[in-house]
Each structure stands twice: as C-alpha cells, then as structure tokens.
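I opened this structure to look up a few residues and ring pairs. My notes follow in the order in which I took them.

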Amino acid sequence: MTKSRTKKILTIIIVVLVCLVIVAGGISIWLWEWAKDVYFINKDMNVKYQQEHLTYLREEFYTNYVSSGEQRLCDFNLEEALNSGVKYNEMAFLATHNSYQRLVSSATLDYQKPFKILSFGLKKFNKNDFENDTLTTQFEMGIRSIEIDVEARVVDGDITFTVMHKPVMDSATTCYDFEGALEEIVMWSDHNPNHLPISIIIEAKQDVAPVDGLKILSLKHTDAFDALLKSKLGDKLITPGDMLGKYATFEEMRVNDGWMPVKDMLGKVLVILHENKITQGYVKKDATLKTQAMFPSVLYKQRHRDYASIIIDNNPKKTVNRDEELQNDNFIVRTRADSYPKSSDKRYALTEQVRSQIITTDYCPRTVRNSQHTYSFGGYTVKLVK
C-alpha cells in the first residue's frame, strides 16, 4: 500500500470519527435538553399531586375520622405486651421500600424509548409498573416503617429537600416536598395518638441530575435537615439522645438491653439515616449523638462501632446466619424480604427465620397493584421477635 493511499485511509477514518463524535455530542445535548423538559413536567405533576393530596387530607379525609387502633395489626395481644414492658427491639414491623413511589409518567416513558433503542432492548426499566400507596394509606394498612429517598435543593441560598428515586427516569412521587411529607406524617399521627412507633429510614441520594438546584444530600446539608425534622415533628420525634437516656453510647445501651419500652414510644416517630458515605461524618458532628435527630445505621461489618445500634442487612440469606449474634447483642436489624420485581418463596422462608425488627417488602398489603401477590406476617404487619 502506498503512503498516499495510507494517508487517504487515515484521513477518512479521522473524518468519520470526528463526525461520530459530533453526532454523539449532538445526541447528548438533545437528550439533556429533553431530560430537563421531562424533569420539569414531572415536577409540576408531583407538586400538584402532593398539594391536592394534602388538601384532601385536611378538608375531607379527617372529617369525622375514627382511628381503627393498633390491635388489628398484631398477631398477639398488644395491650398485654405493652403492659409487660415489651421493648422496641422485641417487636417486628412490616416496612415499605421507596415508600413515596408512584407510576412513572407518560413523559418519562417517552424519554426511555431512545435508551431502549440504543441498547437494542437490553436496557430494562423494571420499576415502570411499581407504585406504593400514599403514606397515609400505608399507615392505614398497618405499615409502621417507611423508606424515603431525599435530595437537597439549593436555590438562592435557601435549602429545601425533595423526595424521588431518580430525577427524570424515575421521579414520580407522592411527596415531592419532604416538608410536606412530614406534614402528612404528623397529620396522621395526630389522629392516631396511640399508634405504634413509626420508623422512617432516610436514604441520602448520592446521584442527582444537575438541574433545578438539585444536589446530593451531603454532610453540609444535614444540619438543616436535622433542624427541619425537629421543627416539624416536634415532641413526636424520638432522638438518639432520648433513646440513650443514661447511657453514654449505644454499645453500652445494647449491652444493658436498654432499648425504650414500646409503651413509651406510642404516638412517636424515629428517623434512621441509611448507612452511606456521610454516616460517619454525621456522627462526628456530635460523637455523643445527644443533639442529633437521626439514628445512624451501619452495615454488619461496622457493628463494632460504639454508635452502632441499627444494622442494615438486606439479604436474609446472610442475616439468618447472623441472627443469633445480632439478637444476643441487642441490635435492631433491617432486612428485605424481596426486591421488586424479584421475589421467591425461598427468600420469604429465610425472612421468616430471622428476627429482624424492620422487614421491608415491595409487596406489602396495599390498595394498588392488586393483581400481584402480597407479603405480610400471616396477614398481620406487626409481630413479636423475642
């Protein structure tokens, strides 16, 4: 091959590559502009949904409302258990995952199409048909533990907090504004003053789209987040300091089996920070945890830390082999019975063997997705584990 021919071929290759880069860049810009349009369409829908829902609760739902009580949720005599001094770590609560989630919008479905085409159909969006009831309906159905994904939103120096799974691709939510979510929780609690404690797991989202002031919920935002929790939940909030009482650390509290009696937690809420990269920094802000609003959770491998009290151990296959150790050390354990859309009788059987206190399912008793199966504790949502 002559030098001139080789040069000509290299030139063609370079031109083709440049053209591909330009086309790819153009497609990326087009997709990004489209993504921003979809985000704001979804945001408007989310804000409207939440505002209308809160108005409905205030003006209609709670008119002549009568609480159904908590005994219906339990497969045991609740009054006897409370009077006997049953503690928080001796009771298990059915929980929901992504508790805020609604069906994705038509705008999101349209936006997903290019990704399916470009991946030749390999890219799946398995949660398109996943949704949960509103928080209020979940509480009415007997759920006493929820999980909420939170992002920070910073506009002109003002910090607010949003709730969604993934901006654009999976952003449909019943409680876009986290402060509004707290209002909904407090409203239900006010009308059910003797309810069993509600545990809220907060997952600080670490991947967000750089649009509309959205930020990852980082350590620098946690002071504002704690302040919001304390302000809106008020005396309903059980803080780590409340739980610790006379003990200096959670390790000391666990050694002495010092978890609070459930009877003293009726009508209350506690907030758990899902383990992630900001957890240790959150603890370092006050190593005593006396001033913090959230209980820091840890992974099993981090169980020896003196602030360890709540363990995220999502795989029941592993949890069942650690069960005796975790219970002897008086940990609160959160595990997952399933992970939408996957579930199996084998995993459910393992889940039944563990004595986790927070058992999360994507197939809880609900009013939506009625064609799909339901997981519960034999028809109940609360059981004893010790």
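**A serine and its surroundings**

I looked up S99 and found it buried, at 0% relative accessibility. Buried means under 20% relative accessible area, exposed means over 50%, and partly exposed is in between, with a 1.4 Å probe and protein chains only. The model is a predicted one, in which local features need pLDDT of at least 70 and side-chain atom pairs count only at pLDDT 80 or more, while totals for chains, interfaces and linings use all residues. Residues are numbered from 1 along each chain as its sequence is written, and side-chain values use heavy atoms, with hydrogens and water left out.

S99 lies in the loop between β1 and α3. For these labels, helices (H or I, at least four residues) and strands (E, at least two) are DSSP runs numbered from the N terminus. I then listed what S99 is in contact with (heavy atoms within 4.5 Å). Leaving aside neighbours within four places in sequence, S99 contacts N132, D133, L135, Q138, I146 and E147.

**N98**

N98 is in the loop between β1 (91-96) and α3 (106-118). Its relative accessible area is 1%, so N98 is buried. Beyond four places in sequence, N98 is in contact with K127, F130, N132, E147, D149 and H165.

Two of these contacts, K127 and F130, I looked at again. The charged end of K127 sits over the ring of F130, 4.2 Å from the ring centre. The test for this is NZ of Lys or CZ of Arg within 6 Å of the ring centre and within 35 degrees of the ring normal. R254 also has its charged end over a ring, that of F331, at 3.9 Å from the centre.

**L326**

F331 came up again when I looked at L326, which touches Y300, I311, D313, F331 and V333, not counting residues up to four places away in sequence. L326 lies in helix α10 (residues 316-328) and is buried, with a relative accessible area of 1%. L326 and I311 are 15 residues apart in sequence and 8.9 Å apart from C-alpha to C-alpha.

**Aromatic pairs**

How many aromatic pairs does the structure hold? I noted 17. Rings of Phe, Tyr and Trp (its six-membered ring) pair if their centres lie within 6.5 Å; planes under 30 degrees apart count as stacked, over 60 as edge-to-face and the rest as tilted.

The ring centres of F139 and W188 are 5.1 Å apart and the planes are at 45 degrees, so this pair is tilted. F139 is in helix α4 (residues 135-140) and W188 in helix α5 (residues 178-191), so the pair ties together parts 49 residues apart in sequence. Both F139 and W188 are buried.

Y348 and Y375 make a stacked pair, at 4.6 Å centre to centre and 10 degrees between the planes. Y348 is in helix α11 (residues 345-353) and Y375 in the loop between β10 (358-361) and β11 (382-384), 27 residues apart. Both Y348 and Y375 are buried. I also found one aromatic cluster formed by Y88, F93, F250, W259 and F295.

**The whole chain**

Last, I looked at the chain. It has 11 helices and 11 strands, and 54% of its 386 residues are buried. Its C-alpha atoms fill a box of roughly 95 × 50 × 45 Å along the principal axes.
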